[in-house]
Amino acid sequence: MKCSLVLWLVSLLASFAYAEDTVITPDTPEDQEVSQIPPPLTVRNFEDTMSKNLHLVEFFSPTCPQCLLLAPKWEDTWKSFHAEGMKLGISMERVNCLESGDLCNQENIKAYPSIKLYGPGGFIQDYPRSSLRNQENFIKFMKDEAIRKENLLSVSETSRSLMLNSEQLSSYIEGRGEKPVLISFWPSENLKNMSKRLSFANCAKCTNYQANWKTLSNLRAVKDIDIAHYNCMKDSTPCKKLKLDHLVDSRRHSGGVFPAVALMLPGHGEDNIIMYKGSSFDPSDLAEFASRTYSNSQFPSITELELNEMIRKPIEVGKPNDIFDSGKTFLVLYQDYKSSGGENLKVLSSLCKLLSGLPGVYLYKSAANLPRLVQQNYYEMIKQINYNSSEPEKLANKQYLDLMTLSKHQSFFMFKQGSLVPNVFYGNYEDVKTLNNWIEQNSLPMVNELKLDNFKQLIEFHGDVYDELAIQLVDTGNSASKAASKSYLISFLVSYHDFEKIRQDNNYKSFEEQSGVPQSSKDEEYFDEDSIQQLILRDRHKVLLAYVDIHDNRILLNKLGLNINKRYYKNGDVLIVNKLNKKFYYDTDPFGQPLTTDSPTYMKATLKALIFPESKPKQVVRQLLINSPFGHHLRFLDKVHQFGLLGWLCTLCVVFTALKSPSLYRKHKTRRRYFAKRDSAGLLGKRRRLKD
């Protein structure tokens with residue numbers, strides 16, 4: 001007891017001695033500046049603050065529960081990133097919409113909290129809906145946007161967009177312009193300078209789009225194309241001629257209106273006006289449409305060497321502004337010695353409008369030996385897929401390759417960046433419907449970025465041709481994960497090519513059986529052009545490829561209903577979605593293990609088991625219902641839920657019948673006993689014979 005008391009006194013004296021030696025200094029003004037988030041902006045200082053550098057602005061209300069949950073995350077992000085952000089030229093700001101209601105109305109704030117990116121030219125873009133609102137994602141978003149070229153251009157307050165009058169617009173419509181021009185049409189009367197923001201009637205996003213158009217006018221990607229705009233409400237005649245009546249009187253449209261965009265080419269007759277049909281008004285998307293469509297209208301020539309270099313260019317991962325360079329698609333008109341120049345020009349002109357609505361598709365003509373290039377790529381594919389020494393050697397199907405490279409007539413070849421799979425169109429190129437359908441079903445890039453707004457489009461994309469959608473999960477959070485993602489992507493593409501060999505062999509075998517071709521007759525003389533075209537047009541059981549960066553979009557899988565088991569997916573995992581019934585997805589291989597691209601074998605085996613189950617009947621892949629509302633213990637109810645309301649009605653009928661069956665049986669039995677005791681019927685007492 002005495003020892004413990006002595007020890008307590010010693011520790012007390014030591015603590016006092018330490019307290020005397022410790023000097024607590026107050027925060028310096030610099031420390032206070034860094035540790036304290038600045039007050040919200042108001043009408044007085046908002047425009048002045050936005051006029052310098054880039055700003056990520058949160059519009060909030062102190063009475064909003066979601067805003068209160070976000071507040072500590074926003075403050076922590078500001079404290080950790082403020083110093084670095086000042087060096088990068090981007091900062092974080094807030095606006096209290098309860099105190100500055102007029103300012104929030106001016107910026108078209110419809111919900112709280114709203115997070116928007118601003119520059120000296122005004123609004124640039126909204127914070128992505130698919131990204132989590134946390135410190136890590138806020139910082140990554142600001143770093144990426146700080147070095148994005150389009151945002152750096154917003155520092156310029158000058159817009160290159162020229163306001164057109166009706167006479168100038170009419171000359172462009174008639175194809176009398178000297179240069180191609182990209183024109184935006186607005187529901188306005190006095191929109192002169194894109195640098196001065198206006199309010200638009202019944203067009204909620206027009207003010208934001210105005211800033212995007214100003215940024216577009218300064219992009220180098222459109223340096224050979226004039227940028228202009230037109231007020232449809234000032235002189236409506238040209239707009240009505242272009243069937244843009246909704247912009248002439250926007251107030252009559254209850255759902256709101258949006259600006260329209262058209263590229264007008266000089267001297268192209270009836271095909272000189274090409275309307276932009278995309279849903280995005282992002283400057284980079286508009287620039288891609290304009291520059292690619294103008295390039296396609298010039299029908300450039302391409303050599304075999306140039307084409308081979310573009311095909312072999314790898315699909316990159318971890319770029320500053322694009323997670324992937326998803327790759328381009330090259331549609332090439334093959335010109336052999338029988339080609340007719342006039343017919344070529346007519347065919348290419350008709351394709352220009354079609355390709356304008358297919359992002360990433362470039363049109364060329366070539367007199368090079370394209371069949372030889374197809375053969376080289378095919379043999380390179382065979383070399384790549386022989387990666388597993390424990391499997392039998394995979395041999396080239398020479399009969400299939402010969403059919404794909406016959407060149408009796410003019411044909412189209414389609415190549416994709418990163419793909420070694422040949423796509424060839426034979427037959428009458430004047431059959432526009434067949435040609436257009438072939439182009440559309442092969443137009444997507446090799447690997448597509450999966451987003452919330454394009455998931456349905458990918459699932460429904462040519463379900464008669466594509467059976468499955470394979471999704472590679474990557475992580476670009478740091479340099480190590482980026483390097484791993486690149487390795488997984490290579491394995492992902494090898495898996496795809498490995499399955500393609502299986503698919504091609506199956507398709508050719510099916511064609512061989514249906515055509516009844518004897519083994520000794522598989523040569524060029526036996527097959528006519530119609531036979532070859534039928535083989536190519538019946539190209540089925542394909543697989544679409546996509547990717548998701550789980551560093552930014554981990555929540556996306558939950559929103560799409562692709563994580564019903566609440567599994568923590570990691571870099572390299574793969575999901576496969578069934579495009580035929582659009583109801584199921586798979587995240588395990590036929591051996592019951594998580595599906596990954598650690599080795600190309602796993603995805604190839606899974607695709608083979610799903611698409612060609614007759615090859616190995618014993619290999620079954622566990623299917624999961626997309627957006628299943630049931631937990632693990634009630635997962636058996638998915639078998640009913642997959643059929644929707646009809647499934648539940650049928651189940652209720654079965655359950656009701658099962659519950660009522662015992663009582664109905666008892667009533668029936670009682671009724672028989674009752675009549676068994678009475679062998680007469682009716683008032684006259686006629687006897688009757690009871691049937692047991």
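Where is the place of lysine 243? In this predicted model, lysine 243 sits in the loop between α10 (237-241) and α11 (245-248).

## The chain as a whole

The protein chain has 692 residues, and 48% of them count as buried. Its secondary structure comes to 24 helices and 21 strands. If you take the contacts between residues at least 6 apart in sequence, 73% of them join residues at least 24 apart.

The average pLDDT of the protein chain is 81, and 80% of the residues score at least 70. Two stretches deserve a careful eye. Over residues 1-33 the pLDDT stays under 50, and the model gives this stretch 2 contacts beyond four places in sequence. Residues 319-324 also have a pLDDT below 50, and here the model has 18 contacts beyond near neighbours in sequence.

## Backbone points to check

Some backbone details are worth a look if you are preparing this model for your own work. Most residues other than glycine have a negative phi, and most peptide bonds are trans. Against that background, tyrosine 112 and proline 113 are joined by a cis peptide bond, with omega about -10°. Proline 113 belongs to the loop between α5 (101-106) and β3 (114-119).

Back to lysine 243: its phi is positive, near 60°, and the residue is not a glycine. Is lysine 243 buried or exposed? Lysine 243 counts as exposed because its relative accessible area is 71%, and the cut-off for exposed is over 50%. Asparagine 627 has a positive phi too, of about 60°, and lies in the loop between β19 (624-625) and α23 (638-641). With a relative accessible area of 48%, asparagine 627 is partly exposed.

## The annotated transmembrane region

An unreviewed UniProt entry places the feature "transmembrane region" at residues 645-665.

Leu645, Leu649 and Leu652 make a nonpolar surface patch of about 330 Å². Of these, leucine 652 is found in helix α24, which covers residues 644-677. Leucine 652 has a relative accessible area of 56%, so it counts as exposed.

Note on methods:
Residues numbered from 1 in each chain as written. Predicted model: local features only at pLDDT ≥ 70, side-chain atom pairs only at ≥ 80, totals over all residues. Heavy atoms only, no water. UniProt positions renumbered as here; feature names shortened; annotations may be inferred. Patch = residues over 30% accessible without salt bridge, like charges linked within 9 Å, V, L, I, M, F, W, Y side chains within 5 Å. Areas by Shrake-Rupley, 256 points an atom, 1.4 Å probe, with all protein chains shown as cover. Salt bridge = Lys/Arg side-chain N within 4 Å of Asp/Glu carboxyl O. Helix = DSSP H or I, 4+ residues; strand = E, 2+ residues; numbered from the N terminus. Buried < 20%, exposed > 50% of the residue type's maximum accessible area, 1.4 Å probe, protein only. Contact = heavy atoms within 4.5 Å. pLDDT = per-residue confidence, 0-100.
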